[in-house]
Structure formats: C-alpha cells, structure tokens
Amino acid sequence: MLSGVPDMDTEQLNVKNRKMRVCVATCNRADYSKLAPVMFALRDDPDMDLQVVVMGSHLIDDYGSTYRMIQQDEFEVDGFLHTIVRGEDEASMAESVGLALVKLPDVLVRLKPDLLIVHGDRFDALSLATCAALMNVRILHIEGGEVSGTIDDSIRHSITKLSHYHACCTDRARRRLLSMCEDNDHILLAGCPTYDKLLSCNEKNYDNVLSKWVGEGVKPKDFIIALQHPVTTDIKGSLKMFDLMLDALLEFNVKTLVLFPNIDAGSKEMTRMIRLRGLEHHPNFSLAKHVPYDQFIILLANTGCLIGNSSAGIREAGAFGTPVINLGNRQIGREAGENVLHVRDADTKGKILHAVNLQFQKQFPCSYIYGDGHAVQRIMKFIHKIKNDLEKPIQKSFIFPPMKDTVSQDIDHILETQSALAVDLGGTNLRVAIISQQGEILHKMSELTPATYEQRMDLLVRMLVEATSKAVELSCRILGIGISTGGRVNPHEGMVLHSTKILEEWSSIDLRTPISSKLHLPVWVDNDGNCAALGEKKFGKGKGSEDFITLIVGTGIGGGIVLNNELVHGANFCAAELGHISVSMDGPDCMCGSSGCVESYASGIALQREAKKLHDADELLVPGVHLREGEEVTGKHVIQAAQLGNKKAEKVVETACEALGLAVCTLLHTVNPSHIILCGHLAPHYVDGVREVIQRRALPSAASSIQIMVSDLEEPALLGAASIVLEYATRRIY
C-alpha cells in the first residue's frame with residue numbers, strides 16, 4: 001500500500017459501530033440541484049456523517065460563484081478545489097480533468113469516505129469517479145443509464161463502469177444499466193431527487209420571482225426562457241444554432257430571460273454572441289449567470305416556453321406541462337413528454353421561429369417520467385443497505401449475458417416491484433389496492449363510498465396518499481393510478497360524464513386532474529365494466545382471446561366488450577352499458593330513468609327490492625334464512641331463501657336469470673363473441689340459469705359455440721384498473 005493512501009480493509013473494521021462517512025462532491029449549479037435534497041437527508045440522518053467537497057465551476061465568478069448556494073444552505077464544506085483550467089475549449093476540458101485528478105487524492109486520503117456520491121455526466125464527475133475507483137472508495141452514481149446524444153453519453157457510461165452502485169431515474173435507464181452488465185442488486189430505480197422539491201413547490205407564488213429575473217409587471221406565460229449549452233462534439237454547428245436562436249427570439253419580440261451556458265468548450269464564444277448583440281441593454285431581454293433552483297422552477301412553471309438544449313426542458317419542464325423547444329441533438333436520446341418539440345436540424349431562423357410560434361403559451365398535460373417525489377426516501381434506504389456491504393470485498397462484479405449453466409435471476413434480486421395503484425369506486429364501497437405487474441394484490445384498503453362528491457374525493461385522495469406511503473414500505477415502484485368507476489366515462493380526458501342514481505353527484509367530474517396534481521402520478525380512468533374486461537384480458541379468462549364480453553352483476557349491472565383485441569368505447573363512450581339493455585316493454589323502473597332494463601331485474605338492487613316485498617308480506621324467511629335484529633334485507637336473503645326451497649324467492653331468481661339470459665342473447669346476436677365472462681358476487685347464482693335461457697332463446701348457431709363462464713378473478717375491476725396502468729404507463733399514453 002502506498003504511503004498516505006488509506007487501507008480500506010482496515011478502515012472498514014467495525015463500521016457498524018460508527019457513522020457511515022458519505023462524501024458528496026458537487027461541481028456545478030446543475031448537479032447541486034440534484035444532490036442537495038440527498039445532502040439534506042444525509043445531514044439529518046444520525047447514522048450518517050456527511051462530507052462535502054465543492055469544485056469545478058462553482059468557484060468561478062463568470063458562472064455565478066454558485067458555491068454561495070451551498071453556504072446559504074448551511075452545509076459544512078470539507079474541501080474547496082479549484083479544478084477548472086480556463087479557456088472553454090476542448091484542451092482546457094481535458095486539462096481540467098487532469099488537474100482534478102492531481103488534487104482529489106489528498107482530499108480522499110484526509111476524509112476517508114465509505115461512499116462517494118457523484119452525479120450525472122460532466123467531465124468533473126469523471127475525475128471524481130476515476131480517482132475514487134483507483135483509491136478503493138465505493139461510488140454511488142446518480143442518474144446513470146440515460147442517453148442524451150452527445151459526448152456526455154460517453155462520460156456518463158464511463159462513470160457507470162467505474163461506479164459500484166447506481167440510483168437511476170427511469171425504468172428505461174435501469175434496463176440500460178442491466179444491458180451494460182451492471183448488477184441488478186446494485187441498481188435502484190429512485191426517480192430524480194429534484195422532483196422531491198419540484199413537486200412540492202408553490203409555482204403560483206411567482207410575482208417576486210418574475211419581477212426579479214424577467215421584469216416588472218411580467219405575467220405568467222408572457223415570457224420565454226432561453227438556455228442553450230455548447231455541444232462539444234460539434235462546436236461550430238452549436239454556435240451557429242445559438243446565433244440563429246438569438247435572431248429568432250429578437251424577431252419574436254417578447255420578454256426573454258437568457259441564462260448563460262455551462263463551462264463546456266464553446267461557451268466563451270456563446271457569451272461573446274450575447275454581448276455583441278447588446279442583449280444586456282435590450283428592453284425585452286434579461287440575462288443571468290445563475291438562478292437559484294427554487295426560483296428557477298417557479299420560472300420554469302410559469303414561462304410561455306423554454307427554448308434551447310438544456311436537460312431541464314426534458315426533465316423538469318414536463319412536470320408542469322411547460323412547452324419546450326429542444327434545438328439540435330444534445331437531448332435527443334432522453335425520454336420526453338408531449339410538451340417537447342424537437343428541432344433536430346435548427347439550420348434556419350425561420351424554422352426556429354416557426355417552432356416558437358407553435359409552442360409559445362401552449363399548455364400540455366403534466367408528465368412525471370423522471371420522478372414521483374419519493375426519490376430521496378428511496379436513496380436513503382439504499383445507502384443504509386450499502387452500509388451493510390462495507391465489510392464485503394470492494395471488487396466490482398459485472399453480470400454478463402446469460403450463458404450455459406448460469407443461475408437465473410431470483411425474485412429477491414429485484415429491488416422494487418413495478419406496480420400500479422388501482423381504485424374501484426362503486427356504489428357501495430371505495431377500494432384502493434397496490435397491484436404488481438403479475439396481478440398480485442400486495443395491499444388493499446376498503447371504505448364505504450361517501451354520499452357526496454366532496455366527501456368522495458377527500459376520501460379517495462387520503463386513501464391514495466396512504467397507499468403511496470405503503471408502497472414505499474413494500475418496495476413497490478408505482479407507475480401510475482388506474483381508476484374504475486361507475487358511470488359513462490371519457491377515458492381520454494379522465495372525465496366521468498354521467499352516472500345513474502347509484503352514484504349521486506357523479507356527473508361532469510374531472511377525476512384525472514386533481515388526483516394527478518396531488519399524487520404527482522399519471523392517472524387513467526375508465527368505466528368499471530370496461531375495467532373488468534381489461535382485467536380479464538390481462539389476468540383472467542379473456543387472456544389470449546380476441547373477442548369476448550365481460551358482464552358484471554353486482555349492485556348494478558355493467559360490462560365491457562373486447563372485439564379484435566381492442567376495448568370498445570363507442571362514439572360517445574356509451575358502449576357496453578349492458579345493464580340498460582331492454583328486456584321488457586313494461587318492466588320495473590330502472591335507476592337510469594327508463595324501465596324494463598336488465599338491471600331492473602337482475603342487479604343486487606333489483607333483488608333487494610323484491611326481497612323487501614317478500615319480507616313485508618312475511619313471505620321471505622324460511623328455516624335456514626336468518627335476519628338479525630336491525631339487519632337490512634338484501635339480495636342475498638332472497639337467494640338464500642330460493643336455495644332453501646322458498647318458491648316465491650325461486651321465482652324472483654328465475655326471473656332475474658331469464659332477464660339476464662335475454663340480454664346475453666341480444667349480445668350473442670349482435671356481437672357474436674367467443675365467450676361471455678360473468679363477474680361479480682351474483683355471477684355464480686346466475687350462470688346455470690343464463691345457459692339454460694340461451695339454449696331456449698338464442699339462434700342455434702350462436703348458442704352452440706358460445707361459452708358462458710364465471711370469472712376466476714377475485715377483484716376484476718381493481719385488476720382491470722391496474723392493467724390500464726401496467727399496459728400503458730411506459731408508453732406515456734393518456
């Protein structure tokens with residue numbers, strides 16, 4: 001061992017009896033915004049000893065002397081390192097890496113960290129990872145596995161190979177890390193730490209921020225933010241693009257905040273272009289070397305458009321639905337929401353100006369591709385797990401593609417289970433569940449459905465918040481929320497358009513927006529019958545079938561129709577209102593306002609109505625049917641009575657089966673499915689009767705081929721709501 005270099009084997013002895021030394025090295029304004037939330041958590045953790053190293057452009061006045069942010073946050077800094085060789089060209093970047101490698105060993109020898117946390121893809125971070133790896137210091141790399149389309153990719157992936165642990169932001173990044181032979185045990189799908197702060201900020205508190213950085217009297221959405229960095233693999237092309245962008249913004253002629261570029265090669269020329277145009281004196285332009293992050297996200301949430309090639313346009317802007325114009329190829333490989341308009345070949349002012357006209361002041365749905373607000377909680381849990389590894393050998397292992405005689409992956413190797421929050425909002429009960437990709441219900445809660453809209457929404461949000469906390473305990477990664485609800489639903493807008501009297505105050509209700517805003521997760525909404533069909537398609541007896549119908553018989557009657565492997569919604573989302581198929585010209589009144597519907601004969605409410613009639617006439621109870629004092633008469637009592645030989649109760653059930661069978665015959669003759677799946681608590685009591693009616697009343701060709709079956713799924717509506725999320729979350733389709 002070289003003199004002065006810590007013997008890590010000796011240093012780690014009895015590590016469980018002392019605090020874990022975690023060193024966070026920050027190099028610039030951008031990485032500090034990602035690292036600061038983790039640093040606060042480390043500082044507050046009694047089992048952690050936070051060490052802070054400040055280097056890179058933090059210490060340069062031309063880039064805002066941003067080390068002051070760290071001091072303002074009251075972090076005790078263990079080392080300031082001047083590591084930047086000025087020049088802002090390719091040679092100076094390489095020299096800066098070398099200078100950092102000369103200075104860093106002394107700091108690591110002094111601090112003796114158990115773990116070094118590095119972020120992202122900057123050349124400074126490459127120096128940190130190289131030095132730590134050579135000195136046998138474990139490395140946790142944040143935001144690995146991403147693709148942006150420049151030299152940053154090469155640097156980022158190099159840091160990945162040097163790092164022992166990885167906290168990535170998206171499932172696609174996680175899969176890239178696995179394809180790079182990283183150990184799944186050492187990969188955490190955390191989300192971006194900035195989202196923990198970003199999703200809790202009050203973006204409406206904008207007056208002082210807009211006045212300070214854009215100008216007095218500027219209103220939200222009336223200004224543009226321009227933030228463009230040089231592309232080191234095409235400096236000449238990126239300078240031309242920057243020049244054209246400034247010309248386009250001058251012609252567009254609205255208030256514009258221009259943030260100076262980073263320290264990469266070419267930034268000096270970009271700054272010169274700003275000065276030559278005299279933008280610091282232009283009435284419509286404001287310039288800033290640095291904006292504190294909490295103020296930057298307020299600007300980002302309230303701008304009419306962000307233009308340039310910053311990752312902030314791809315990552316943070318999506319959480320607010322802010323329009324973005326991404327110029328060139330610098331971020332082209334990143335996962336982006338629909339708010340981003342790419343202008344890959346921004347080779348004319350007219351093309352850029354056209355893009356600005358298209359995007360300015362538009363509003364897009366919020367997307368949460370990069371986080372859900374729980375990243376720091378996951379990262380801290382991960383670091384505590386790393387502490388248990390400190391007494392193990394530091395040698396990194398690579399997991400190469402499967403070969404003969406290798407052991408397949410075990411479930412214990414999966415850090416987090418990809419899951420959905422599923423909601424079944426029915427006339428009687430409101431239920432919320434955490435459901436895995438395999439259809440396993442990991443956790444379920446149930447409450448009685450409140451009578452009013454306000455009470456219903458309050459309870460739903462409370463239950464969802466409780467479920468998200470439980471998901472973290474269960475190591476579940478929630479991909480989104482799927483809601484199954486009664487009524488006519490527009491799934492594209494997440495709106496309940498109309499509901500029957502089973503759900504009062506449940507018409508023209510926007511479910512997606514308030515829940516997505518509160519939980520910071522994408523939300524899908526559909527009718528409960530459609531959800532049951534989707535649940536059968538993914539997990540149940542509809543799996544592998546292209547044409548089938550699901551018929552739910554519970555409190556009410558509903559269903560879903562799958563034809564040619566697609567769920568049928570209809571022209572105005574009225575398809576599969578199966579409970580309102582008319583089976584009689586003059587039947588009982590239905591909750592929909594009509595009469596003679598199958599729901600008025602065969603639903604739980606209809607059976608309860610008939611049971612009460614029999615009970616009032618003292619014709620319901622027979623030996624074996626018990627009604628406790630104060631107990632309400634329900635449909636189950638008439639079914640029990642029929643099973644025990646009560647002739648009048650038998651007649652009620654036979655009538656219900658006849659009505660349901662006639663409705664099924666109508667479906668057979670209209671749609672001709674391969675099978676019909678009965679769901680709900682009444683399904684087992686109806687299935688034989690329905691089959692008998694079909695044999696009597698359906699066309700022989702239809703009756704001979706149809707299969708009538710009872711669902712095996714315990715919770716078809718919940719599983720269907722989850723299946724929407726699990727099928728579509730990664731596609732980012734709303």
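Biologist: How many helices and strands does the protein chain have?

Modeller: Helices (H or I, at least four residues) and strands (E, at least two) are DSSP runs here, numbered from the N terminus. Counted that way, the protein chain has 25 helices and 26 strands.

Biologist: Before we go on, what sort of model is this?

Modeller: Residues are numbered from 1 along each chain as its sequence is written, and side-chain values use heavy atoms, with hydrogens and water left out. Local features need pLDDT of at least 70, side-chain atom pairs count only at pLDDT 80 or more, and totals for chains, interfaces and linings use all residues, since this is a predicted model.

Biologist: What percentage of the residues count as buried?

Modeller: Buried means under 20% relative accessible area, exposed over 50%, and partly exposed in between, using a 1.4 Å probe and protein chains only. The C-alpha atoms fill a box of roughly 95 × 65 × 50 Å along the principal axes. Of the 734 residues in the chain, the buried share is 57%.

Biologist: And what share of the contacts with a separation of 6 or more comes from residues 24 or more positions apart?

Modeller: A contact means heavy atoms within 4.5 Å. Among contacts in the protein chain with a separation of 6 or more, the share from residues 24 or more positions apart is 69%.

Biologist: Which residue in β7 is the bridge partner of C168?

Modeller: Strand β6 (residues 165–168) runs parallel to β7, and three bridges join them. Across from C168, the partner in β7 is L189.

Biologist: Moving along to β12, which residue in β13 stands opposite L327?

Modeller: In strand β12 (residues 324–327), V324 and N326 point one way, I325 and L327 the other, and all are buried. Strand β11 (residues 305–308) pairs with β12 in the parallel sense over three bridges, with L306 opposite V324. Strand β13 (residues 340–343) also pairs with β12 in the parallel sense, over four bridges. Opposite L327 stands V343.

Biologist: There's a five-stranded sheet too; which residue in β17 stands opposite Q418?

Modeller: That open sheet has the order β16-β15-β14-β17-β21, with mixed pairing. Its edge strands are β16 (441–448) and β21 (523–527). Strand β14 (residues 417–425) runs parallel to strand β17 (residues 476–485), joined by eight bridges. Opposite Q418 stands R477.

Biologist: How far apart are the axes of α16 and α17?

Modeller: Two packed helices are described by the angle between their axes and the distance between the axes. Helix α16 (residues 453–473) and helix α17 (residues 512–519) pack at about 35°. The contact takes in M457, L460, V461, L464, V465 and T468 of α16 and P514, I515, K518 and L519 of α17. As for the distance between the two axes, it's 11 Å.

Biologist: Last one: α22 and α23 also cross, so what word describes α22 relative to α23?

Modeller: The axes of helix α22 (residues 647–671) and helix α23 (residues 683–697) come within 8 Å and cross at roughly 55°. Angles under 35 degrees count as roughly parallel, over 145 as roughly antiparallel, 65 to 115 as roughly perpendicular, and the rest as oblique. Therefore, relative to α23, helix α22 is oblique.

Terms used. Axes fitted to C-alpha atoms, helices over the stretch in contact; angles between N-to-C directions. Pairing = 2+ DSSP bridges.
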